[in-house]
Every structure is written in structure tokens, then in C-alpha cells.
Amino acid sequence: MVRRNFRITVSRDHVQIVEALLLAEGFRFESEPFAWFARVLTQEPKPLGTSAAARLGLIYIQDRSSMLPTLALEPPPGACVLDMCAAPGSKTGLLARMVGSQGTVLACEPSGGRINSLRANLRRAGAVNTASLHISSEKLALAGPGMSHILLDPPCSGWGTEDKNPQARALWSGEKVKPLIRLQRALLERATQLLRPGGRLVYSTCTTNEDENEAQVLFALEHFGLRVSPLAAPAGFVLDAPRLDCPQGVLRVAEDSEGEGFFVAALERPGSDDLDCGTEPAALPDGARRVRVERLHCDAPVAWGQLPCGELVEYAGLLVLLPDPALQRIRSGTRWQGATVGRLKKQVFRPDPFCRLLLPESVADGLHVSDPADILALLSGQSLTVSRGKGPVPLYLNGLGLGWAARKGSRVLWTEL
């Protein structure tokens, strides 16, 4: 059986509430030793992606090896991070959690279909501290000082995923893999150019192919002037020694380890902070109109002060947050979006169901539920009862904010629209 991992997306204080919600549906799991939020399934009565916790964005299904690059990058709270190859958003969402509401993640993706998946996953995660850029990262230009933290998880041959993708090695071998190697080097070069001296770059792949792993690190050391920042071995993984005389401190997840075969290297750029990436700031996305919060009306208590610093704009009927670090760094002409926080019709605002950051900590007319069975009933299409009133209803499970439910008279319904 293929090992199934997931991570819990809420704070440590609320982990037990999410676990109780999973247990109520018959899921069983164990903690992983390398990260407090990581779990491995031991019993899956139905697809985990259909669980209430997954639907509410309280967990994210992700291979354990795939969590290592973000842990290796280790951005501090408040940092501005660049994720150069972001879709479908598993690492972006974890980065957004790590930097916190006052940090920002710039997430790049060139594919139209994949960037839609990225944005949908970030919305479900409630990651309003993100901006998604529709661009191939080797063409990316940013204004202002260089980035202090960059994650580069480029397209690769995927040999480490053969348990799930048995044809990966046959599809990507020999001459077929050379275009990927060229792309990886182009992205590494651009990452170096965007990296602030003293900054940290994590390069990772889900392949065991040394030409895409150690050989690329050695190329970056020789041609781009980077140096390896040694990584400690994560608990619970079996690691192989680096190949091709690559410096110690890179991580090669062994094929007999649990999880996908993965390679992770942390690199640093030495030198003085003299990087110049240009000075032209971003323009608002085409069609966006600035919005003043004090002019909005909502039939629910909205905690506007909890949003990250930035501009609120109306775009095609949506209220979108453009974080300040994104406005300061993204250059004019780049196609990008901020995070949707709700819908706007004239001056009436309706919060997005997943925008948990707008939930007040305590509100008298919110719906406070103590039994996970009530949440399961709500997500199955049943209604719960609340005092009559107007507008969306803040929804909580034992103090954990779940999102914004819809109200119809005295009935509360869950809708993801």
C-alpha cells in the first residue's frame, strides 16, 4: 500500500480539534517525527480528500518527502518568500503558514490550468498572505532589494515517484531529460540573480537522477558562486550519501525510505548586499479598483484589522488583497493576482467562506459548535440552527474558526461559493 501523508494546517493550539474531526469520520493516523504538523494515515475509510477536514482546508494531503524543502528553507515569521515553481501549492501553502499573516509568499506558475489549481488550493487554505504570478520564473523580474528566501522546486523527471507513477523513468530518461536539465539550470541562474547576498535558496526535486540533483548543485557552485548550507538529517528518513562528490549536507532521500525519493539542497549567496533588481513598482492588475474598507457594508462582524498590510481592490466582483511586499516587488506588466477575501456587490461585502483571517475571535451571533458530528452534518448538506438575522455566520468548532457559513433566516448552511 502506498504511504499516505498529510499535514495539519492550523496552529499547534488547535491540532487536537482537527484530529477529533478526522477521528469522527473513522480516519486513523500517527504523528511523524520530523514535523509537529505531519501525519501518516493508518486507516482510510474513504478518500481523505473528501473528509470534512480536507474540504475545510484544515489539512493538506502531501507526501512526507515533499514537506522537506520548506522545512529546509526555514523562513522566519514576517519574511517575503519567492516560490518559483509553485503549482499545485502544497509547498506554497506551508510557506504561507510559516511566514505568518505579516509575511508574504510570491508564487509563480506559467501554466494557465495549473495556476488555477494553485489559486484554488491557496484559497481553501485561507492563505491571504500570497500573490500568484502567471509567469515562467526564468523570465521573472522583481523590483527593490533581492529576495532573502527562495524555493526552487523545478520540473523534473520524477523518478522518485515511481510508486505512484510507474512510467516516470521510461518517459524521462536519456536524451528526453536534457530539456529539463537546461530548464533547471536556467531557473537556478535566475534564482541566483534574484537572491539577496546572504540569502537562502533551496533547490529540490522529486527525482533520484543525479544529473538533476548533485550535478546541478555542483554547476551552481562553480558558475553562480553559491555555497552549500549543510542540512541536518530529518528524523524518520533513510538518506543516501551525496553522489558526484557533492558536498555533505544535501539530502538525498533513499529509495528504501518511506515517502517519495527526493533531493534537497540549501544554497547561500555570499557577498555584500549590492543587488539591484530594478526600481519600477507593480501596477494594480488590469481592471482593479481600490476599495476603502470604511465604505463597505457587511451584515456580519468582520475583523478587517487581522488582514496583512496591503491594498484592497475590487476586481470582477471580487474583493482582493494585494499584499504590500507584492506591490513593492512585482514589476509593471507582470500578470498577477492577490488573494480573494470575499465578494463585493456595489458596496455590500460578503466574506469568502475560507477567509478565516477575517473571523472575529469571539462573536455573540456566531455559531459555536462543540460536537464534530454537527460539522459533518453541515457539510453533508444539512442545516444547523442559529438566531434569526442577516448576513454570513462566523463558524467555530470548539474555538477553532472554520469559515463563514451562509444564513437563511434561522438556518445555517455551508457553501463553498
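These notes cover a sheet, a helix, a serine and the cysteines of a predicted model.

1. Basis. Residues are numbered from 1 along each chain as its sequence is written, and side-chain values use heavy atoms, with hydrogens and water left out. Because this is a predicted model, local features need pLDDT of at least 70 and side-chain atom pairs count only at pLDDT 80 or more, while totals for chains, interfaces and linings use all residues.

2. The sheet. Five strands form an open sheet in the order β14-β15-β16-β18-β19, and their pairing is antiparallel. The edges are β14 (289–290) and β19 (348–351), each of which pairs on one side only. Helices (H or I, at least four residues) and strands (E, at least two) are DSSP runs, numbered from the N terminus; two strands pair if DSSP finds at least two bridges between them.

3. Inside the sheet. Strands β16 (residues 318–323) and β18 (residues 339–345) run antiparallel and are joined by four bridges. L318 has R343 in β18 as its bridge partner. Strands of a sheet pair through backbone hydrogen bonds, either parallel or antiparallel.

4. Helix α8. This helix spans residues 214–223, and E214, A215, Q216, V217 and A220 are buried in it. Buried means under 20% relative accessible area, exposed over 50%, and partly exposed in between (1.4 Å probe, protein chains only). The cover over the buried residues of α8 includes α7 (178–194), β9 (195–205), β10 (227–228), β12 (251–253) and β13 (263–268). Just after α8, G225 has a positive phi of about 75°.

5. S132. This serine lies in strand β7 (residues 130–133). S132 counts as buried because its relative accessibility is 4%. Its side chain makes a polar contact of 2.6 Å with the side chain of R119. A polar contact is a pair of N or O atoms within 3.5 Å; within protein, one must be able to donate a hydrogen and the other to accept it, and residues adjacent in sequence count only if both atoms are side-chain atoms. Leaving aside residues up to four places away in sequence, S132 touches A107, I115, L118, R119, R335, W336 and Q337, where contact means heavy atoms within 4.5 Å.

6. Cysteines. The structure holds zero disulfides, a disulfide being a pair of cysteine sulfur atoms within 2.5 Å. For C85, which is in no disulfide, the nearest cysteine sulfur is that of C108, 8.0 Å away. C85 is buried, at a relative accessible area of 17%. The sulfur of C355 is too far for a bond, because the closest cysteine sulfur, in C298, is 11 Å away. C355 also counts as buried, at 2% relative accessibility.
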